[in-house]
Amino acid sequence: MGLGWGCIMEEAALLVNMALLLLIGGICSIIFKRLKMPAAIGYIVSGIILHSCGMQGPDTDNIVKFLSDCGLVLMMFCIGMELNLKKLRKMGSFATMVVMIQVPIMLAGGYLGGTLLGLNALQAIVFGAIISGSSTAVITIVLAEQNRISRMDVETLVLVTVIEDIAQVLIMSAVSPLMQGQEMEITGIIWMLVIVLVFMVAAIGIGMLFIPRLLDYVSEKYADEILLIISLGLCFGLAFLSVKIGMSMAIGAFMMGVIVSQSKQNKRIGHEVEPMKNVFMMMFFVSIGLLINPMDLVNNIPLILAIYLIYFILKAGSVILAYFIGNKPMRLSFYCSISLVAMGEFAFIISKEAYEAGIMSQEFYTSIIGAALISMIFLPLINRKAEAICDFVQVKTPQPIVNGFLRMESIRSSYYTKMSLATKETMRNFRSRLAYAYVNLIIIILIQIIFYAGTPTVTEFIDAHTPETVSRYIATAIVMTLNFVILVPFLYKMCQSIKYLFRVYLDSERKALAAGKGHPHTTVDRFLRYIMSVNNWIFVVLFDFLILFFTPNQIDLIGHIIVAVAGVIIVAILQILAYMRRS
């Protein structure tokens, strides 16, 4: 009898909680839709309201936790399914370039801004990951109501947000194991990156070979509900595997969405999943609001505004820079930068996981959500006034600065005019070498992060397992020498790629001069020709020395010189041995 009454109470709790969550969420979403705001804001506000009403307890928490996890998995699965790889290959070159420029700036700026806000290293990294993306849903709604930029530019902006989602998935893949409590030691970081890389490559590689064929076969032989069940089973299965290796369930769901998108039945599957996603996604956003105390939002208004300003400045500035480099007009660059200043869905996903892992405090988590809501609410208002803001900035900017921008635009346009004279094959190689240089730069940065985080641990290990004559200073110098040697091949490849880029530019300059479109013997030309004449190894040693010198460490200038000399000797010996082996 007692057991039966307990079951009745559990059923009642489930029904009451579901009714309240759905009804209040629906009412709030209607209100915000009427205000031309995304429904997600209404869902979060409904969670805040329920928190204020005291709707908390073991039953509610368990129900909401389960439903929000389902919502997270389904939402990421659908985001992955919406990723059109063919369209990305065809139209994504400029959008990819924008993301490749602005996401590293957002990560670095977020890390610096988080440090200034008093966060530790891991918290600052997570903060950079949180603010690195934009909201596809909000931006799509806002851009549908404007007529300042063309349809093609709108599609490019939407594609930028999609590629940002991919970048944030990769960032989550690297950060997720750290949020599970793993130590930031050099061996742990390297092992973590290897596991994540192998898992993602294996899952996508094997999945692309078999799963689209399996789904196509099931769709031909069985009813739609069987296709839906198989697809969701694969989604939750890969989400489970990603959790087992220490990653977020969101990453596995996203990857399965990408795999399923390659099936001929992807639209049918998406149509069947959409209603379920909408219900459970609402639960995910409600669960975010349930963690927020309204008074915490009021008490942390200065921190919320500081986070929003950091995000606004970094996002707008990095997008303007990327569009400028991409040879877009300054006014268009400004409009597009303003249109992207709304924190994405990943801001909620990453911040919630960081909060639940104990990495982020209640105060900072509340402030992140508050800043994200402000960015979503302000975007339509700022976008409507974009022309007036642009005119005001242009009028109030001092004339010398305006002249400087005009001069920079002239130089950039001249560069693109000259590069247009190169052959298609040359430009294809140019883009490839530029991509290689970028990848090598990212690898160099990752190497320095790993050594910066791991040097104290390795130094202590060397100091503890060597004679007393080997001091902490010498142990640090040994680690830095290893750092110097490891950087050499990547710096050398990057120098080769950059010199190839200079060579293509100088060749285009020569063709432009022959066609009467260039100016002979410019300062830039003379400088580049001088750079081309210098041996690569000189640049490698110089940049290697500077990288280690500006990376925070306990070694003085003389120690840095000794490290560089020791590194050069080791590299020279390795080169001689390699030459002898080839001979």
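**Conventions**

The model is predicted, so local features need pLDDT of at least 70 and side-chain atom pairs count only at pLDDT 80 or more, whereas totals for chains, interfaces and linings use all residues. Residues are numbered from 1 along each chain as its sequence is written, and side-chain values use heavy atoms, with hydrogens and water left out.

**The whole chain**

Begin with the entire protein, coloured by pLDDT (the predictor's confidence in each residue, from 0 to 100). The average pLDDT is 81, and 89% of the residues score at least 70. Next select residues 1-6, where the pLDDT is below 50; beyond near neighbours in sequence, this stretch has zero contacts in the model (heavy atoms within 4.5 Å). Where pLDDT is low, the predicted coordinates should not be read in detail.

Switch to a secondary-structure display: the protein has 23 helices and zero strands. Helices (H or I, at least four residues) and strands (E, at least two) are DSSP runs, numbered from the N terminus. Of the 583 residues, 46% are buried; buried means under 20% relative accessible area, exposed over 50%, and partly exposed in between, with a 1.4 Å probe and protein chains only. Among contacts with a separation of 6 or more, 81% join residues 24 or more positions apart.

**The nonpolar cores**

Select Met76, Ile131, Phe285, Phe348 and Ile349, the residues with the most contacts inside the largest nonpolar core, which has 128 residues. Such a core is a set of buried Ala, Val, Leu, Ile, Met, Phe, Trp, Tyr and Cys residues joined through side-chain atoms within 4.5 Å. Helix H3 (residues 58-81) supplies the largest share of this core, twelve residues. Centre the view on Met76: leaving aside neighbours within four places in sequence, Met76 is in contact with Val169, Ala250, Ala253, Phe254, Phe346 and Ile349. Apart from this core lies another, of 25 residues, including Ile447, Val485, Val488 and Val571.

**Helix H23 and its partners**

Display helix H20 (residues 472-514) together with helix H23 (residues 557-582); their axes come within 9 Å and cross at roughly 45°. Axes are lines fitted to C-alpha atoms, for helices over the stretch in contact, and angles run from 0 to 180 degrees between N-to-C directions. H20 is therefore oblique to H23; angles under 35 degrees count as roughly parallel, over 145 as roughly antiparallel, 65 to 115 as roughly perpendicular and the rest as oblique.

From H22, the contact is made by Trp537, Val541, Phe545, Leu548 and Phe549; the H23 residues involved include Leu557, His560, Ile561 and Gln575.

Thr551 counts as buried, at 18% relative accessibility. Not counting residues up to four places away in sequence, Thr551 touches Gln448 and Tyr452. The C-alpha atoms of Thr551 and Phe451 are separated by 9.5 Å, although the two residues are 100 residues apart along the chain.

Move to Asn327, in the loop between helix H13 (301-325) and helix H14 (330-339). Its phi is near 70°, a positive value in a residue other than glycine, and Asn327 counts as partly exposed, at 29% relative accessibility. Continue into H14: eight of its ten residues are buried, so the helix is largely enclosed by the rest of the structure. The buried residues are Leu332, Ser333, Phe334, Tyr335, Cys336, Ser337, Ile338 and Ser339.

**Two contrasting residues**

Which residues does Ser231 touch, not counting those up to four places away in sequence? Ser231 touches Phe77, Leu215 and Ile269. Ser231 lies in helix H9 (residues 224-244) and is buried, with a relative accessible area of 0%.

Finish at Arg213, in helix H8 (residues 186-221). Arg213 is exposed, with a relative accessible area of 57%. Select Ser263 as well: the C-alpha atoms of Arg213 and Ser263, 50 residues apart along the chain, are separated by 7.0 Å.
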